[in-house]
Amino acid sequence: MVYQRDAVEALPAYVQGKSIPNAVKLSSNENPYPPLDSVVEVVRERAASISLYPDMSAHDVVERIAARWQVRPSEIAVGAGSVEVAAQLITASAGSGDEVMFAWRSFEAYPILVQVAGATPVPVPLTADDRHDLEAMLAAITDRTRLVFVCTPNNPTGAIVTRDEMERFLERVPSSVLVVIDEAYAHFDDAEDSVDGLDFFRRCDNVVVLHTFSKAYGLAGLRIGYAIAPERIAANLRRVAVPFGVSALAQAAAIASLDAEDELQERIDVIRAERARVLAGLRDRGWQVFDSLGNFVWLRTGASTTEVDGILRENGVVARAFAGDGIRVTIGSPEMNDRFLAALDGVPASV
Ligand SMILES: Cc1ncc(COP(=O)(O)O)c(C=O)c1O
């Protein structure tokens with residue numbers, strides 16, 4: 001038989017949120033809005049050039065991102081979605097025998113990417129209120145720890161890490177360990193005491209911030225995300241990146257989206273207001289849900305997860321269920337959210 005790495009054959013497949021005809025898809029934390037006209041226009045214009053390779057250095061979008069955050073272009077590394085940049089970070093930092101830590105439950109790609117790299121995943125359980133347990137994470141650091149992901153707001157629980165918590169954490173993390181603050185959902189986070197990854201990036205040599213255009217900017221289908229990283233690390237991310245991984249369309253759409261941030265902010269505001277309405281609707285129905293600062297809510301359904309997920313599906317709502325644990329439901333349009341809440345009418349709250 002042809003040789004394949006055991007570590008790869010043992011991997012669980014990444015589960016994509018499913019689509020079912022006539023059902024509302026609230027399973028992938030996508031933006032419920034169509035792309036902005038100005039963005040579609042740019043993509044249309046660029047479509048004529050898809051017979052050519054994109055600019056591998058992504059020069060224009062890197063310059064634009066750098067200007068947006070007032071950092072140097074050499075501190076930006078792009079990838080085909082921030083998930084690819086997360087993979088680059090792991091490849092650049094950890095190999096066989098090295099440890100990569102993350103809270104659990106968190107973004108389900110982390111353990112998969114770590115195993116693909118041949119490194120050892122170190123999941124550290126969340127606190128009882130579904131937050132990062134940074135004390136436990138500190139205690140779990142060994143001399144083989146190379147990288148720690150901190151996802152805030154956390155996918156799927158929606159909990160944030162506060163500025164003070166991060167301050168205390170970074171004071172004690174060894175300077176040889178890279179701390180990646182994954183801010184995929186930061187645009188939806190309006191808590192006053194939330195960590196601002198960029199602030200820590202400016203102050204610490206071992207902090208990287210991960211951003212995506214997939215969520216608030218609504219470009220999930222085009223695949224572009226980026227790291228803001230110290231120069232040496234950003235250069236290494238470019239070394240390990242898949243060549244030409246970010247299409248010219250994605251690069252152009254990202255620039256157009258940064259040019260349209262005001263318009264996008266209006267949509268973000270609506271999603272935040274809807275999130276508050278959905279959380280209130282859940283509490284009215286007897287569900288004990290923690291505040292979520294992402295564009296999703298988290299139902300702690302535990303042992304009833306599969307049953308509740310089945311009821312949602314019967315009622316035309318596709319969410320992301322993690323058997324035995326909980327169900328993450330993306331905040332959609334007001335109509336989609338109504339459908340979700342209505343689906344729970346008459347369902348006994350699991351917790
Ligand atoms: C926490 C987190 N980070 C990163 C990503 C990756 O997003 P993308 O690769 O589309 O940029 C996701 C997507 O769901 C996510 O939830």
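How much area is buried between domain 1 and domain 2, and what share of that area do carbon and sulfur atoms give?

First, the ground rules. This is a predicted model, in which local features need pLDDT of at least 70 and side-chain atom pairs count only at pLDDT 80 or more, while totals for chains, interfaces and linings use all residues. Residues are numbered from 1 along each chain as its sequence is written, and side-chain values use heavy atoms, with hydrogens and water left out.

Now the domains. Domain 1 covers 15-34 + 262-344, and domain 2 covers 37-259. These bounds come from an automatic or database domain assignment. Between the C-alpha centres of domain 1 and domain 2 there are 24 Å. Domain 1 puts 22 residues into the contact and domain 2 puts in 23 residues, where contact means heavy atoms within 4.5 Å.

Back to the opening question. The buried area between domain 1 and domain 2 is about 2,100 Å², and carbon and sulfur atoms give 52% of it. Buried area here is the accessible area (1.4 Å probe) that two parts lose on being put together, summed over both.

What else is found across this interface? The rule finds five salt bridges between domain 1 and domain 2. A salt bridge is a side-chain nitrogen of Lys or Arg within 4 Å of a carboxyl oxygen of Asp or Glu. In general, side chains of opposite charge can pair when their charged atoms come close. The rule also finds 16 residue pairs in polar contact across the interface of domain 1 and domain 2, both residues being at pLDDT 80 or more. A polar contact is a pair of N or O atoms within 3.5 Å; within protein, one must be able to donate a hydrogen and the other to accept it, and residues adjacent in sequence count only if both atoms are side-chain atoms.

On the side of domain 1 that touches domain 2, at least two residues each come from helix H11 (261-284), strand E9 (296-299) and strand E11 (320-322). Helices (H or I, at least four residues) and strands (E, at least two) are DSSP runs, numbered from the N terminus. H11 gives the largest share of that side, five residues. By type, that side of domain 1 has nine nonpolar, six polar and seven charged residues. Ala, Val, Leu, Ile, Met, Phe, Trp, Tyr, Cys and Pro count as nonpolar, Asp, Glu, Lys and Arg as charged, and the others, Gly among them, as polar.

Next, salt bridges in general. How many does the structure hold? There are 23 salt bridges. One of them joins Glu 165 and Arg 131, at 2.8 Å from N to O. Glu 165 sits in helix H7 (residues 163-172) and Arg 131 in the loop between strand E4 (120-125) and helix H6 (134-140), so this pair ties together parts that are 34 residues apart in sequence. Glu 165 counts as buried, at 19% relative accessibility, whereas Arg 131, at 22%, counts as partly exposed. The cut-offs are under 20% relative accessible area for buried, over 50% for exposed, and partly exposed in between (1.4 Å probe, protein chains only).

A further salt bridge links Asp 338 and Arg 277, whose closest N and O atoms are 2.8 Å apart. Asp 338 is in helix H13 (residues 334-344) and Arg 277 in helix H11, so the pair ties together parts 61 residues apart in sequence. Both are partly exposed: Asp 338 has a relative accessible area of 39%, and Arg 277 is at 32%. Salt bridges that share partners also join Asp 190, Asp 269, Arg 272 and Arg 275 into one network.

Now Arg 172, which lies in helix H7. Its side chain meets that of Glu 135 in a salt bridge (2.9 Å, N to O). Glu 135 is in helix H6, 37 residues away from Arg 172 in the chain. Arg 172 is partly exposed, with a relative accessible area of 46%. Leaving aside neighbours within four places in sequence, Arg 172 is in contact with Glu 135 and Leu 138.

Last, Ser 106. Is Ser 106 buried or exposed? Ser 106 is buried, with a relative accessible area of 2%. Ser 106 lies in the loop between strand E3 (99-104) and helix H5 (109-116), and its side chain makes a polar contact with the side chain of Asn 154 (2.6 Å).
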